[in-house]
Amino acid sequence: SEDTHYSIPKASNLLMLDWIKVPVDFETRELQESAIRDSVRVALAKGKKYFIVVSNMGTTMFGSVDDPKKYTRILKEYQLPFRLHIDGAYGGFVYPFGDFENEINFTNPDISSLTIDAHKMLQAPYGTGIFVCRKGLMENVLTDEAKYVEGMDLTLCGSRSGANAVAVWVILTTYGPHKWFEKISVIKMRTNWLCRQLDQLGISYFREPEMNIVTIHAEAISAELAHKYNLVPKSHDESNEWYKIVLMDHVEIEHLKDFIQDLISSKNLNPI
Ligand SMILES: *Cc1c(COP(=O)(O)O)cnc(C)c1O
């Protein structure tokens, strides 16, 4: 989608694949099936025969989660061969940890692979992306010539630090699934709190349920406010339309309260 991470166009450039981005609705950040169908038609007209779909489980700027079935319905309708990758780099350690039935996992037989970054919400050192794919796919990237390497050489970048894998293991085993669930639950509650305040002030924003990102319309945020709270803009120029807040451990209700107070003052809004 147009909200897909820049690493995907970068990878398609590297692999000499054509990259197609499907537009999303401005407010809901949702894919329109008609837009997917149009994109597929254009690709077919150009003679494309095979498709790799990247479906986001949490985009970087919005936290929006794509429904992979929107893609697969259309690809199947046209009987096109495809692989489906889930980009859970950002949302993988957040989205599934909630009291709801998440269907974006390997129980969906159409999903071929999945990424999840430990260097985002898990706060592991950089370079701890995790890639999981179905049996039979990994062989496609095996370098036969790497004879002296015990095991297999399956990556593009070559030698990597084993300490990174140890760091991820330590973080995961220190929390365990229940403590991680609790931590994420607290963060989601803070996100709910922020959204309620914004609702009461009538300020427009996007938030994917079960995610910890709140992306606010830029017109509601003064330059001073954005600077004071280090809000992340969608783009670093005048065309910017959104600012996001990522709710993490260190973003406490106290800070959110201050932010809301400053927001009220900057806009001469009536305090709640
Ligand atoms: C961070 C991120 C990536 C990967 O970027 P890295 O440079 O490996 O950190 C991919 N997809 C999404 C959605 C991301 O947020």
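**A predicted model in questions and answers**

Trainee: Which residue takes a positive phi just after α3, and of about what value?
Mentor: The model is a predicted one. Helix α3 comprises residues 68-77. Just after α3, a positive phi is found at Q79, with a value of about 55°.

Trainee: Which residue caps the N-terminal end of α3?
Mentor: The cap is made by a side-chain oxygen that lies 3.0 Å from the backbone nitrogen of K69. The residue that contributes this oxygen is D67.

Trainee: Which residues of helix α3 are buried, and what covers them?
Mentor: Within α3, the buried positions are P68, K70, Y71, T72, I74 and L75. The elements that cover these buried residues include α2 (33-45), β1 (51-56) and β2 (82-87).

Trainee: How many salt bridges does a search of the whole structure find?
Mentor: A salt bridge requires a side-chain nitrogen of Lys or Arg within 4 Å of a carboxyl oxygen of Asp or Glu. With that criterion, a search of the whole structure gives a count of twelve.

Trainee: How many residues apart in sequence are the parts that R73 and E33 tie together?
Mentor: The side chains of R73 and E33 form a salt bridge with an N to O distance of 3.0 Å. Because R73 belongs to helix α3 and E33 to helix α2, the pair ties together parts whose separation in sequence is 40 residues.

Trainee: Is R73 buried or partly exposed, and what is its relative accessibility?
Mentor: Buried residues have under 20% relative accessible area, and exposed ones over 50%. R73 falls between these limits and counts as partly exposed, its relative accessibility being 45%.

Trainee: Which side chain meets K69 in a salt bridge?
Mentor: At 36% relative accessibility, K69 is partly exposed. The N to O distance in its salt bridge is 2.9 Å, and the partner is E103. This pair ties together parts that are 34 residues apart in sequence, since K69 lies in helix α3 and the loop between β2 and β3 (111-117) holds E103.

Trainee: Which residues are around the ligand?
Mentor: Polar side-chain atoms of T60 and of K120 each lie 2.8 Å from an oxygen atom of the ligand. An N or O atom in the side chain of D87 is 2.6 Å from a ligand nitrogen. The protein covers 76% of the 380 Å² of accessible area that the ligand has on its own. The residues around the ligand are H5, S7, G58, T60, D87, A89, Y90, D117, H119 and K120.

Trainee: With which residue does D117 form a salt bridge?
Mentor: D117 counts as buried, at 13% relative accessibility. The closest N and O atoms of its salt bridge are 3.7 Å apart, and its partner is K120.

Trainee: How far from E208 is the nearest side chain of opposite charge?
Mentor: E208 sits in the loop between β5 (205-206) and β6 (213-217). Despite being buried, E208 has no salt bridge, a salt bridge requiring a distance within 4 Å. The nearest side chain of opposite charge belongs to R207, at 8.3 Å.

Trainee: Which backbone nitrogen lies 2.9 Å from a polar atom of the side chain of E208?
Mentor: Leaving aside residues up to four places away in sequence, E208 touches G63, S64, V65 and Y95. The backbone nitrogen that lies 2.9 Å from a polar side-chain atom of E208 is that of V65.

Technical notes
Residues numbered from 1 in each chain as written. Predicted model: local features only at pLDDT ≥ 70, side-chain atom pairs only at ≥ 80, totals over all residues. Heavy atoms only, no water. Helix = DSSP H or I, 4+ residues; strand = E, 2+ residues; numbered from the N terminus. Buried < 20%, exposed > 50% of the residue type's maximum accessible area, 1.4 Å probe, protein only. Lys, Arg positive; Asp, Glu negative; His and termini not counted. Polar contact = N/O pair within 3.5 Å; in protein donor to acceptor, adjacent residues only side chain to side chain. Contact = heavy atoms within 4.5 Å. Near = heavy atom within 4 Å. Areas by Shrake-Rupley, 256 points an atom, 1.4 Å probe, with all protein chains shown as cover.
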